Amino acid sequence: APLEPPPTDPLWQFVFAPGLVEFIPYGGKPLLSDDRAPGDFGFDPLAFSASEEKLKLYQMKELKHCRLAMIAIAGMYAQSVETGAGVFGAGTA
């Protein structure tokens with residue numbers, strides 16, 4: 001049987017938009033170039049990077065939260081595919 005197309009929910013925006021946020025400000029430079037780290041936009045109004053120790057702690061916390069968010073998005077997608085009701089319409093049966 002042929003594969004069915006993915007749902008047409010706006011779920012693709014959760015994947016595509018963050019990539020644009022990383023890509024556009026640097027004019028298409030590779031995300032892992034030597035002069036920057038992924039997600040480093042030079043925006044730090046609360047001076048979280050004032051201490052190297054605190055910076056490492058906050059980077060680890062951010063990684064943990066982002067990984068949990070990625071698992072949640074994968075779960076939302078799987079639920080959408082399984083139920084066919086979309087991401088936000090699954091509980092409205």
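Let me start with Trp12, which lies in helix α1, residues 12-23, where helices are DSSP runs of H or I of at least four residues, strands are runs of E of at least two, and both are numbered from the N terminus. This is a predicted model, in which local features need pLDDT of at least 70 and side-chain atom pairs count only at pLDDT 80 or more, while totals for chains, interfaces and linings use all residues. Residues are numbered from 1 along each chain as its sequence is written, and side-chain values use heavy atoms, with hydrogens and water left out.

Trp12 counts as exposed because its relative accessibility is 52%; the cut-offs are under 20% relative accessible area for buried, over 50% for exposed and partly exposed in between, with a 1.4 Å probe and protein chains only. Together with Phe16, Leu20, Phe23 and Ile24, Trp12 forms a nonpolar surface patch with about 540 Å² of accessible area. Such areas come from the Shrake-Rupley method with a 1.4 Å probe, and for residues only the protein chains shown count as cover. Patch members have over 30% relative accessible area and no salt bridge, with nonpolar side chains (Val, Leu, Ile, Met, Phe, Trp, Tyr) joined within 5 Å and like charges within 9 Å.

Now to helix α2, residues 52-83, whose 32 residues should span 46 Å at 1.5 Å a residue, and whose end C-alpha atoms are 47 Å apart, which agrees; the expected span is 1.5 Å times one less than the number of residues. Just after α2, Gly84 takes a positive phi of about 75 degrees.

Lys56 and Glu52 are separated by about one helical turn, because they are four residues apart in helix α2.

Also in helix α2 is Gln59, which is partly exposed, with a relative accessible area of 36%. Gln59 and Phe48 are 11 residues apart in sequence, and their C-alpha atoms are 9.9 Å apart in space.

For the chain as a whole, there are two helices and zero strands, and buried residues make up 8% of the 93 residues. The protein chain exposes about 7,900 Å², of which carbon and sulfur atoms supply 66%.

Definitions and conventions
Salt bridge = Lys/Arg side-chain N within 4 Å of Asp/Glu carboxyl O.
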